[in-house]
Amino acid sequence: MARSEYRSSLHEPRRQIPLDDESDVVVCGGGPAGVAAALGAARLGARTTLVESQGALGGVWTSGALSWIIDAALKPGIMAEIVEALEAAGADTPVGFPDFSYDVERMKLVLESMCTAAGIRMLFNTDVVGARVHEGRLQAIITESKSGRIAFSASTFVDCTGDGDVAALAGCQFEIGHPQTGQLQPMSLMALVSGISVDEMHDVIIANDVVRADEEDFSLARRRKISKHNLLRELGRAGFDPSYTGISLFKVHDDVFALMANHQYDVRPDDVGAITSATIEARREINQVVEALRLLGGRWSGLRLINTAAQIGVREGRRIAGRYHITRDDVMRGAEHEDAVARVAFGFDVHALTRAEGGYRSPTMSDVETRARPYEIPLRALIARDVDGLLMAGRCISGDFWAHSSYRVTGNAVATGEAAGVAAAVTNSLGCTVAQTPWAAIAKALPYQAERILEQA
């Protein structure tokens, strides 16, 4: 239920709670952005704590079983390290492409190994439930876990929760949803399936290393569109109409595939009742999709559902007010910034906002879809406007509805996370706020800035 739906209240008595003051930097959320933020801070000598609500690092990559990374190509620093580590771990990751698949279990191992090696203190199954702000600066967060209620202080905090939970608790202003209607992009629950093979499914799977004989000259985008169309046609043959008509089957291994088959519409990321209902509905639909395809027989007869994600995938949450607001115009003009921390190559991507819009992409994209250009994200979009001592990374950074649909993907989450972590560590070493820290001091520690200088030389 949404908080506004409760008609009664209970007074919680004031109490003293333990305060952990052993961190210079506290990163909230251990997904792609959070892991990169923690690594960026710890490798520069900051005592770093990483707080994660699930039982593994990776967020949507692992607990969300996404199995597909978008806009990772040509990203220097930690994103490149993760790709290299996945290759070395045998994750069947086809490199050299802007988007690629990966093995969820290998990803967990890679991320935990990287954070352990960096000396990061990781706390799993821990939720951030409160924030203490004093004289305009975030001083502490409050957590709940099996260890009870514990507060953590730090010189700088990084909100990598995806939905901007820490910033909202700290009183920061934010935007959410479409600017006119308030509608949000749909959520999707991922699944892993087996019992089929690449050789038999070549016409319906999305795989960078599988090119059909009659499609050698086709672009990656066109090949993927054909695969989606073919899979949707198979479901039609089975008499099933999915909520997501861009249904996709991604190759993870030759005998393991990731299935994206559903859209859950009009679900707010801050409404636990709605999220629960959406997850239940999505899991039921996934089972229906798998059963419908299996009943087709033939090459589908051995299809088995082996896992549904522990958490539903959220495309859109709060967009926290920062010191720069990335806009649709920035994306269309290919904006560049002196304080750039990442380059985004992924275009506008607004999924259908209602089932009536057709179940794939929203027609509201029609006037911007083909007009995106690669653009840069400035550090200012990662600095909270309303509270000192707080940075954001991932999809909750400061931007409008349209720009968010572009930078929200996980390759960019890693890049912004690393930048936020580096900025937090440098700020801590200088004993000031992020806004007071000279840009030159941060820039010299950023892989993106180093690469940018080489390109311009």
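Modeller: A polar contact is a pair of N or O atoms within 3.5 Å, where one must be able to donate a hydrogen and the other to accept it. The structure discussed here is a predicted model.

Biologist: Which residue does the side chain of D339 join in a polar contact?

Modeller: D339 lies in the loop between helix 8 (328–333) and strand 17 (340–344). Leaving aside neighbours within four places in sequence, D339 is in contact with residues including I377, P378 and W439. At 2.8 Å, the side-chain pair falls within the 3.5 Å limit and so counts as a polar contact. The partner of D339 in this pair is R380.

Biologist: Is D339 buried or exposed?

Modeller: The relative accessible area of D339 is 10%. A residue counts as buried when this value is under 20%. D339 is therefore buried.

Biologist: Where does A65 lie, and is A65 buried or exposed?

Modeller: A65 is placed in the loop between strand 3 (48–51) and strand 4 (68–69). Its phi is near 50°, a positive value in a residue other than glycine. With a relative accessible area of 1%, against a limit of 20%, A65 is classed as buried.

Biologist: What is the value of phi at D71?

Modeller: D71 belongs to the loop between strand 4 and helix 2. Its relative accessibility of 5% is under 20%, so D71 counts as buried. D71 is a residue other than glycine with a positive phi, near 60°.

Biologist: Which element gives the most to the lining of the largest cavity?

Modeller: The largest cavity has a volume of about 120 Å³. It is lined by 14 residues, and P76, V341, A415, E418 and Y448 lie nearest its centre. Two or more lining residues come from each of helix 2 (78–88), strand 17, helix 10 (410–430) and helix 12 (447–456). The element that gives the most, with 4 residues, is helix 10.

Biologist: How much space lies in the second largest pocket?

Modeller: The volume of the second largest pocket is about 470 Å³. Of its 15 lining residues, R15, Q16, I17, R132 and I142 are the closest to the centre. Strand 8 (137–145) and strand 9 (148–153) each give two or more residues to that lining. The space asked for is about 470 Å³.

Biologist: Over the face of which residue does R318 lie?

Modeller: R361 lies over the face of Y360, at 5.9 Å from the ring centre. For R318, the distance from the ring centre is 5.4 Å.

Definitions and conventions: Residues are numbered from 1 along each chain as its sequence is written. This is a predicted model: local features need pLDDT of at least 70, side-chain atom pairs count only at pLDDT 80 or more; totals for chains, interfaces and linings use all residues. Side-chain values use heavy atoms; hydrogens and water are left out. Buried means under 20% relative accessible area, exposed over 50%, partly exposed in between (1.4 Å probe, protein chains only). Contact means heavy atoms within 4.5 Å. A charge sits over a ring if NZ of Lys or CZ of Arg is within 6 Å of the ring centre and within 35 degrees of the ring normal. On a 1 Å grid over the protein atoms alone, a cavity is a set of points where a 1.4 Å probe fits but cannot get out, and a pocket is an open set with protein on both sides within 12 Å along at least five of seven lines; lining residues have an atom within 4 Å of a point. Grid points are joined across faces, edges and corners, and a volume is the space filled by probe spheres set on the points.
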